[in-house]
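Me: I would like to learn how to read a protein structure feature by feature. Could you take me through one slowly?

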Amino acid sequence: MSDNNNMKRRQFIKRAAVAGSIAAGAALSPSVYAAKRFNWKLTTTWPPNFPIFQDGVKRFADDVKKMSGGALNIQVFAAGELVPAMQTFDAVSQGTVQMGHGAGYYWIGKIPCAAFFTSVPFGMNAQGMNAWLYSGGGLELWREIYAPHNLVPFPMGNTGVQMGGWFRKEIKSIEDLKGLKMRIPGLGGKVIAKAGVNPVLLAGGEIYTALERGTIDATEWVGPYHDERLGLYRAAKFYYYPGWQEPGPTLELTVNRKAWEDLPAELKMIVETAAMASNMWMLSEFEAKNLDALDKLKNKFNVQVYAFPDDVLRQLRQFTTEVLNEEAEKDKDFKRVLDAYSAFRKTNDAWSVISEAAYARTQSL
Ligand code: CA
């Protein structure tokens with residue numbers, strides 16, 4: 001080899017090394033997972049541009065992309081863009097897409113106990129749910145329940161305590177509920193049915209028209225921030241709290257198990273961490289924005305905001321115990337999850353008596 005060739009070779013190696021380090025620096029990719037890139041699809045149960053929920057999912061995908069230096073690129077689709085909302089579970093389970101976002105209680109037709117991983121009437125609030133899921137064995141149980149469906153679930157989002165719903169007349173006693181046709185999904189629907197309500201399930205996009213036309217007499221949805229955007233105040237003026245039926249629903253990210261197992265450990269950690277961040281972000285958005293929306297409903301749209309009478313809540317709570325016991329008798333897993341949830345809840349409540357609940361009381365002294 002001539003000197004000239006040697007020199008050219010040395011220059012080439014030097015340039016390649018510089019180019020290599022720039023590329024690595026620009027992509028922020030630790031070498032471990034830079035070798036392979038993953039292009040995934042995520043389908044949600046939410047309408048396009050649905051605030052907080054769909055926004056939170058897009059944020060999550062963006063976080064994952066940045067943290068992984070583009071090694072895991074997740075394309076987000078709203079309900080119906082790729083998969084209809086209520087087929088999200090199956091699409092992720094079958095690997096049509098790698099990820100989904102929704103709420104466990106949408107799938108209670110397949111897995112009755114999935115309700116516990118979202119929210120059950122008179123159950124734990126967001127803080128309790130996070131404590132149970134992350135630190136009280138709830139997430140391990142959730143993963144066990146979803147494993148036969150090839151799904152790995154993660155908590156990702158929470159609305160906080162919801163509102164009780166919109167009614168066209170005042171609810172002064174449990175008898176006032178009798179005969180009403182109300183949009184209220186899941187276990188909440190089964191509970192209120194015991195008070196003589198005819199519960200119906202309608203997707204978000206159908207609620208306003210049904211209420212306005214009188215197809216339904218009442219509805220619950222989320223809370224002031226989302227309810228105002230749906231225009232429900234134009235069809236019913238009595239807005240009740242608290243949302244006994246959904247005291248702190250956790251939303252879920254699901255990942256196809258095979259896809260999950262193919263990810264390097266670093267990318268798994270990134271997904272887990274980004275989902276946790278998104279879980280916190282969505283709850284914070286609700287906590288920060290609901291009161292302004294409620295004030296607007298009251299002051300601008302003359303909505304009457306009432307608390308459910310204690311007797312009504314006491315009766316609904318009694319019905320809830322009956323429904324949970326009835327469901328537990330029908331389904332082994334439901335009983336198992338109910339027992340685990342109830343055991344944790346007991347501890348959580350006992351601690352709350354001298355922490356959260358005791359502190360809240362100081363504010364009204
Ligand atoms: Ca709701």
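This is a predicted model: local features need pLDDT of at least 70, side-chain atom pairs count only at pLDDT 80 or more; totals for chains, interfaces and linings use all residues.

Me: How many helices and strands does the protein chain have?

Reply: Helices (H or I, at least four residues) and strands (E, at least two) are DSSP runs, numbered from the N terminus. In the protein chain there are 14 helices and eleven strands, and its C-alpha atoms fill a box of roughly 100 × 45 × 45 Å along the principal axes.

Me: What share of the residues counts as buried?

Reply: A residue is buried under 20% relative accessible area, exposed over 50% and partly exposed in between, using a 1.4 Å probe and protein chains only. Of the 365 residues of the protein chain, 49% count as buried.

Me: How many aromatic pairs are there, and what is one of them like, for example Phe50 and Trp221?

Reply: Rings of Phe, Tyr and Trp (its six-membered ring) pair if their centres lie within 6.5 Å, and planes under 30 degrees apart count as stacked, over 60 as edge-to-face and the rest as tilted. The structure holds 25 such pairs. In one of them, the rings of Phe50 and Trp221 have centres 6.1 Å apart and planes at 50°, so this pair is tilted. Phe50 lies in the loop between β1 (38-44) and α3 (53-67), and Trp221 in the loop between β8 (218-219) and α9 (224-230), so the pair ties together parts that are 171 residues apart in sequence. Phe50 is buried at a relative accessible area of 11%, and Trp221 is buried at 12%.

Me: Which kind of pair do Phe167 and Tyr240 form?

Reply: Their ring centres are 5.6 Å apart and their planes stand at 90°, so the pair of Phe167 and Tyr240 is edge-to-face. Phe167 belongs to strand β5 (residues 165-167) and Tyr240 to strand β9 (residues 238-241), so that distant parts of the chain, 73 residues apart, are linked. Phe167 is buried, with 2% relative accessibility, and Tyr240 is buried too, with 1%.

Me: Where does the charged end of Arg143 sit?

Reply: A charge sits over a ring if NZ of Lys or CZ of Arg is within 6 Å of the ring centre and within 35 degrees of the ring normal. The charged end of Arg143 is over the ring of Phe154, 4.5 Å from its centre, and Arg234 lies over the face of Tyr208, at 4.9 Å from the ring centre.

Me: Which residues coordinate the calcium ion?

Reply: Donors are N, O and S atoms within 2.8 Å of the metal (3.2 Å for Na, K and Ca), and water is not among the atoms, so sites may look incomplete. Here the calcium ion is coordinated by Gln162 (OE1), Glu220 (OE), Glu220 (OE), Trp221 (O) and Glu246 (OE), at 2.2 to 2.8 Å. Gln162 lies in the loop between β4 and β5, and Glu220 in the loop between β8 and α9, so the pair ties together parts that are 58 residues apart in sequence. Both Gln162 and Glu220 are buried.

Technical notes. Residues are numbered from 1 along each chain as its sequence is written. Side-chain values use heavy atoms; hydrogens and water are left out.
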